[in-house]
Amino acid sequence: MTRTRLFSISISVLLLAVLLQAEAQKRELKFSLPRHSLAAAIDSLSRWYGVPIIYLDRDVEDVVISASSPGCTFEQALQLVLQNTPLEAYASGSQVILRQKRIEPVRVTGTISGIVSDSLTGNSLGGVNVVLREQAGEEAGTAIRWCPTNTFGFFCLRRVPPGAYVMEIRSVGYHTANVPVTIGGPDPVTREVALVQESIPLEEVTVEGQRMTDGTAGGMTRGLFVRSSPTDQNEYLLDGARIYNPAHYGGVLSSFHPEVLNEIEISQSGLPPSYGGRIGGILDLSLRDGTRERFSGIAGTGFLGSHLAIEGPIGGNTTYLLSGRRAYPDVLVPGLDEHGMPSRLGSTEFIAKVSHRIAGDSRLSFSGYAGRDRYTNSAAANGAILSNAFSWANTTANLRWMTVVSPSVFLHASAVYTRYSLNLDHVSSGILGLAASGPLNSHYRIEDASLRAHAEHYYDEHHTLLGGVEVVRHGINGMLSSFDTQLAPLSLQSQAAWDLSVYIQDRWAITPRLEAEVGARATTFTGPAESFSAVDPRFSLLFTPSDGTRIYATATSVNQFLHPYRSSGVFQYYPALFWYPSTDAVSPTTSLQFTIGGSQGIGKGDVALSAEGFYRTVTHLHDVQWEDSPLDTGGLYSRMVTGSGKSYGLDLSLRKRTGSFTGTLSYTLSWTDQTFAELNGGTAFPPLFDRRHIIHAAAAYMPDETWIFSILAVLAAGGTDANQFIQSHSIPPEMDNAGVRGSYASYSGIIDVNGGRFPGFQRLELQVMHRFALAGVRGEVSLQLINGYGLLDPMAIELRPDNGDRIVFDQRLVWRARVKEIPLFPLFPVAGVTVRF
């Protein structure tokens, strides 16, 4: 027999054995092994099924099992025999090997959570950095984890290994707190930390329409102009309640009393999905809780107005805060008459908040806000007089509940009512034909009722999940005259619209130095005649190569469903005349913005240099198209046109935030244009609020605890020629004389539409403040020198005579508004005194 034949026979026998063994493993055998030793049971299975089973004697000795089956395969039988034993099986070729089970060690970790508050006031502190460091002897060692506190001061660090640590809790304006923490097992550790304030001055930063003091906040003024968006395209929130128009007349009076504010957050880009509905920026302010210590208050008076705020405890778990202001800058500021005193104006404001600490980590609060402004002006020419009285008011009521569901789950919910109203009255004499034109008054209001719930789940050390739902009902009522709108008399009686929004976000710590925020907001808007749905994705990425260096990028999409109408006279510059919903004729406005930027700490980190570039596109922009006769009889949407726009630029800033000298220097360079097929021949042109250059400079010097010297300067470039701008309730004579006809934008009452930007503004404030204590009373005395921006009326109301030098009311109306540029000088003195008790 040849060697080849022998090899073939051997292979055949081997294959036959394998097939027989495989067939044996598939056989189902009945067996019963009551209280057998594990070794005997394994040997029996090997013999019955014909499968070699290899094991170590020490692994099976003294192990007794019981197993039985009415019929099963080899694998099933082996599983029955090995259950409840320390052995596991795995196949190796045609045999089975038994080994000790691999027992993964249980990783015991813990959770650290808590709330950070102000030691003096008890107010929760958001944005505080909580850094967990290893305990290295008597000193803190390497940082292993960190997180910021949320708006309510809550923080959570998940899956912390057992050991001794130090929590380093730091925030600008407060002494750093080092809190020892020990993790010994899975039981959560809770800490409530109260930070002690530092006595440092913080600079006041002002932009056109914005005033704020870092850390303690100082309110805002005429409105917030974010990257060429008008103030009413922004969202204003006070303790989570939406306010449509918080701006007071002028520019020197903040919209909210600074003494009652806890925190202020301004967002121009990288908006989280919890915000939505406005294509501009976000101004989110929170009110302080009343102090838990004792009854106290602050009262002050001066040339600009008077204010009073009181606060204190009610029992052991409840506090209150009450505040009121009355402004009268047109009455006491000396020297205004000689430079064109502003039209008569005044504003009042009331704020109240009651906070109650429920058992455990739950809190309930109720806050309310009521603000009202009055503004009057008049114009006279050729024996004719036109007097105009404007008033607008905001009211909110907000019930808010916050609770810590578990050490890793935080929840808050709110029920909010918001109301905005506007009233316009006109009185005339000597204007021919005006009495027959119909009523010369308008009124409008919008009321919102909303319910909102928001949850945060600190899933692990890498992911924090945020989500929420919000439903809003908008109620709109109004009667608007053609004299104010340049449209046919407009009725907005009993209109209703609904918003339903759902949002989610994942804060993802990819590496210790790379973080991402990924989320989206889905909204369904149901208007009087049409429904719309949109999904707005949000994304941001933060890279921290070192402790003092931050590099970030963001992408934000926003849809706006309620739109302001401001294509009329002084309402180009002051509050919007009314808001109207999206319909089948007017689509929602959509904004898409990208930013990239970074910041670098200098020295010990008290000085920071930052830069940010931005690019934003906007689709479905709305404007009004006027023709030879601007008065339209076709209603709100007959002259509405839709276009697009873009804005891009660069923000640079240098800031010093601590020490006896603090300050901020910033510069913004930007370009903005809009394009409408029906306007300007389809050629792009800049919007009213386009600012090519804006420079801010603010500095404060505090040589000791009693004196503070500060300066503020703001310079912004506007249109090419301030005197060229005309906003008219008629076709301007300049256009008639030039023979210019056809369609033009509502604000293009000028020969060159590319010059149709508001004039620049320049603001200068010098202040010295002295703190004193007299007979147990503490207080401050201040003296400011302020230029006319915010004190003098920038609007010039003019009557337009016909060719016979008479003031005649006809379809082209009779008045126009011109925006004047306020000079840098002279400076007007403003004095004030404040006492604390």
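Of the 837 residues in the protein chain, 52% count as buried, where buried means under 20% relative accessible area, exposed over 50%, and partly exposed in between, with a 1.4 Å probe and protein chains only. This is a predicted model, in which local features need pLDDT of at least 70 and side-chain atom pairs count only at pLDDT 80 or more, while totals for chains, interfaces and linings use all residues. Residues are numbered from 1 along each chain as its sequence is written, and side-chain values use heavy atoms, with hydrogens and water left out.

**The whole chain**

- The protein chain has seven helices and 47 strands; helices (H or I, at least four residues) and strands (E, at least two) are DSSP runs, numbered from the N terminus.
- Among contacts in the protein chain with a separation of 6 or more, 65% are between residues 24 or more positions apart; a contact means heavy atoms within 4.5 Å.

**The sheet with β6**

- Strands of a sheet pair through backbone hydrogen bonds, either parallel or antiparallel.
- Three strands form an open sheet with mixed pairing, in the order β9-β6-β12; two strands pair if DSSP finds at least two bridges between them.
- The edges are β9 (154-160) and β12 (189-195), and each has a single partner strand, so one side of each is left without a neighbour in the sheet.
- From one strand to the next, the twist averages 20 degrees; axes are lines fitted to C-alpha atoms, for helices over the stretch in contact, and angles run from 0 to 180 degrees between N-to-C directions.
- Strand β6 (residues 110-118) and β9 run antiparallel and are joined by five bridges.
- G110 has V160 in β9 as its bridge partner.

**The sheet with β15**

- Four strands make up an open sheet in the order β16-β15-β18-β17, and the pairing is mixed.
- Its edge strands, β16 (241-243) and β17 (261-267), each pair on one side only.
- The twist in this sheet averages 20 degrees from one strand to the next.
- Strand β15 (residues 235-238) runs antiparallel to β16, and three bridges join them.
- Opposite L238 stands A241 in β16.

**Residue Y565**

- Y565 lies in strand β33 (residues 562-565).
- Y565 is buried, because its relative accessible area is 1%.
- Y565 and D623 are 58 residues apart along the chain, and their C-alpha atoms are separated by 8.6 Å.
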